[in-house]
Amino acid sequence: ASAIAAGGAVVKSPKLPDLVISDITFTPNTSTGDVEYLIKYANKGKRDAGPFSIGLMPQTKDNKDIPIVVDQITSLDYTQEMVNQYVVVKHEKAAFPPLPNGTGEVKGVIPAALIQQGMTKFSLKIDMGESVKESKENNNKRSKELPKFLVTAPTGQPDLVATGLTMDITA
């Protein structure tokens, strides 16, 4: 990208990384009630990105954050810490290249208890600590709703109530 400076000179924009969340998928574990997630991320920019983190925040249907603590949501093979009330997974590689090689994944588990607390959406922010200077800083957030059948599933005991009993006794 280029811009025209005062006096008509063409000034080239710096070539920088551009980190994005490219996809989020959910897979329910019907035996535990937990939900496995897969976050795919990429560097769509022109330069390597250094270490960064991805913020994870469960939210309710009215966009209220559900506070969590480190390791309440697992992130396999990544370390976690708290940043600005978000649990973040840390991508600690010194150089994360641009596409086509600059892709990565985070897999983990959202426990059933969070869904029972009213979680309906998973909100993410890549480069949560804003440690990477990017060509686009306004494309770092992404949210995705959990599958409807997960958040509308009945909880507790069934509401069937017997209101009478008729017996037919034959000899």
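A strand, as the word is used here, is a DSSP run of E with at least two residues, numbered from the N terminus. The model is predicted.

His91 lies in strand β8. Five of the six residues of β8 are buried, so the rest of the structure largely encloses this strand. Buried means under 20% relative accessible area. His91 has a relative accessible area of 5%, so it counts as buried. Setting aside residues up to four places away in sequence, His91 touches Tyr41, Pro51, Phe52, Ser53, Tyr78 and Phe96.

Strands of a sheet pair through backbone hydrogen bonds, either parallel or antiparallel. In which sense do β5 and β8 pair? They pair in the antiparallel sense, over five bridges.

Strand β7 covers residues 79-83. Its pairing with β8 is antiparallel and runs over five bridges. Val83 has Tyr86 of β8 as its bridge partner. Thr79 stands opposite Lys90 in β8. β7 and β8 form a hairpin with two residues between the strands. There, Asn84 takes a positive phi near 50°.

**The sheet**

These strands belong to an open sheet of five strands, in the order β7-β8-β5-β10-β11, with antiparallel pairing. Which strands stand at the edges? β7 and β11 do. Each has a single partner strand, so one side of each is left without a neighbour in the sheet. From one strand to the next, the twist averages 25°.

**The nonpolar cores**

The largest nonpolar core has 29 residues. Tyr37, Ile54, Leu56, Ile110 and Phe122 touch the most other members. Several elements give two or more residues to this core, among them β3 (19-28), β4 (35-43), β9 (103-110) and α1 (112-116).

Take Ile54 as an example. Residues up to four places away in sequence are again left out. Ile54 then touches Ile21, Tyr41, Val87, Val88, Val89, Val106, Lys125 and Ile126. A second, separate core has five residues, including Met57, Val83, Tyr86 and Val88.

**Salt bridges**

The structure holds four salt bridges. Three of them are listed here.

| Glu81 | Lys90 | 3.5 Å |

Glu81, Lys90 and Glu92 are linked in a network. Glu81 counts as partly exposed, at 33% relative accessibility. Lys90 is also partly exposed, at 24%. What of the pair Glu130 and Lys125: is each buried or exposed? Glu130 is exposed, with a relative accessible area of 54%. Lys125 is buried, with a value of 15%.

**A buried loop residue**

Asn140 lies in the loop between β10 and β11 (141-145). At 3% relative accessibility, Asn140 counts as buried. Which side chain does the side chain of Asn140 join in a polar contact? The partner is Glu134, at 2.9 Å. Leaving aside neighbours within four places in sequence, Asn140 is in contact with Leu19, Ile21, Leu124, Lys125, Ile126, Asp127 and Glu134. Two of these, Ile21 and Lys125, are also among the residues that Ile54 touches.

Methods
Residues numbered from 1 in each chain as written. Predicted model: local features only at pLDDT ≥ 70, side-chain atom pairs only at ≥ 80, totals over all residues. Heavy atoms only, no water. Core = buried A, V, L, I, M, F, W, Y, C linked by side-chain atoms within 4.5 Å. Buried < 20%, exposed > 50% of the residue type's maximum accessible area, 1.4 Å probe, protein only. Helix = DSSP H or I, 4+ residues; strand = E, 2+ residues; numbered from the N terminus. Contact = heavy atoms within 4.5 Å. Polar contact = N/O pair within 3.5 Å; in protein donor to acceptor, adjacent residues only side chain to side chain. Pairing = 2+ DSSP bridges. Axes fitted to C-alpha atoms, helices over the stretch in contact; angles between N-to-C directions. Salt bridge = Lys/Arg side-chain N within 4 Å of Asp/Glu carboxyl O.
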